[in-house]
Amino acid sequence: MGRPFLIGHHFHGFSPKPPSASPFPLSQSAPMVGAGKPLGDSVFAGHAAAGVAAISASAVAVHPLDTVKSLLQLSATGSKQKMGLRQVVDRVMSVSGPAGLYSGLGWSVLGKLPGLGARFGAYELLTAFYKDGREDNRVYYSEAMLAGITAGAVEAFLCTPFELFKLRSQVGSAIPLKAANPANVIQESFPLLSKLLPGYVPDIRVWNSSVSLLSNLSPKHPDMMGALKQHPWMLTGSGKPPLPSDVQVPSRVIALEGWGALWRGLRPGIARDCVFSGMFFSSWQFIHTAILTWKSVSMKPEPRNLEEAGPVSPIASSLAAGFSGVLAAAASHTFDTAKSRSQCTVIPKYIALERRFLKWRAPGMWIEQMTGISPADRNVLFRGIGLRMARSGIASFTLVGSYYLAIDYIL
């Protein structure tokens, strides 16, 4: 009969289970409840509180790197790289000061709480299914990768709306505030502009050109030009959408781009998180097994299996997680760039509706169409890869280390 899946809990009347061969802390035996611990009577609440603290600590530690990485990805157009690392940092410091490096931190934390919880929770559930009935309680590398891929897809769906708001807040940290809103000046000429296309700035020169072309017709309508101003699809063809930094509040995003914009970039996001989680968990499992194997060699008598070698030390597990995060970030960076550039493209909902009516197909090869990569971004997909590798390594190390410290204090 298979072993039930328990998260670090010992039932009375049963002997404690041996340490798990999984690198994830939740798979290992929880410390015994002691007196004076804040949440000593509730194991689940203790793990939840430790997870929230660890996720918040990792997000705060690496957010400046994430802001600079995102701006590097978004500052390139085609093969021309507009700004380098120093120029991006100088721009943020001159516009927003040091606080600009933490723009969007709240959205980042709000997105990571359900995202990382779903990632590690789905991974634990799947690996518990794989390990059920095995005497050695072992997870194979291929199983860790498959479980990570599935967990990454769940994480991408939950995190995408929060990442959109975070990215647009980060863009706002590098763009100076406007002295006056051009949309308010033209609002009298276009009465439905503020209601149907909030933040949209029409180009009067293009509009006048359209009017001159239509003036040669013999309209039956007494005020054809006034009637055309009531149709948003005429306005969208005569201007440019606002900057992403002007459409970063949820109400403005929904009003201008519709509810579907909250999950813009979902396809490259799923590809990114599936590759990242698959590489992360398989690499972490490999390093974890190597550490236990090395540890068992020096033990006398030699243990019969890896579980008898005892748990891995918190610092070794944190270092293994950090190294796995670096590898996973390098493997998934192209999809991260594609997602960042997709989410910072403002597409009014009327243009999106028109594309659906015309059955518009995204350009590029089939792999680009499936993963949401624009052919115009092929030369900039590796922008900021070094910063993202550093960010993921530090975040993974901080996440696991903070979790161990929080568990030791709480339980």
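Guide: A residue counts as buried under 20% relative accessible area, as exposed over 50% and as partly exposed in between (1.4 Å probe, protein chains only). The model is predicted, so local features need pLDDT of at least 70 and side-chain atom pairs pLDDT 80 or more, while totals for chains, interfaces and linings use all residues. Residues are numbered from 1 along each chain as its sequence is written, and side-chain values use heavy atoms, without hydrogens and water.

Visitor: How many helices does the chain have?

Guide: Helices (H or I, at least four residues) and strands (E, at least two) are DSSP runs, numbered from the N terminus. The chain has four strands. Its number of helices is 15.

Visitor: What percentage of the residues of the chain count as buried?

Guide: The chain holds 411 residues. The share of these residues that count as buried is 45%.

Visitor: What share of the contacts with a separation of 6 or more comes from residues 24 or more positions apart?

Guide: A contact means heavy atoms within 4.5 Å. Among contacts in the chain with a separation of 6 or more, residues 24 or more positions apart account for 80%.

Visitor: Is the pair of Trp107 and Phe162 stacked, edge-to-face or tilted?

Guide: Rings of Phe, Tyr and Trp (its six-membered ring) pair if their centres lie within 6.5 Å; planes under 30 degrees apart are stacked, over 60 edge-to-face, the rest tilted. The search of the whole structure finds ten aromatic pairs. The ring centres of Trp107 and Phe162 are 6.4 Å apart and their planes stand at 45°, so this pair is tilted.

Visitor: Which helices hold Phe120 and Phe281?

Guide: The rings of Phe120 and Phe281 have centres 5.5 Å apart and planes at 85°, so the pair is edge-to-face. The pair ties together parts 161 residues apart in sequence, because Phe120 lies in helix α3 and Phe281 in helix α11.
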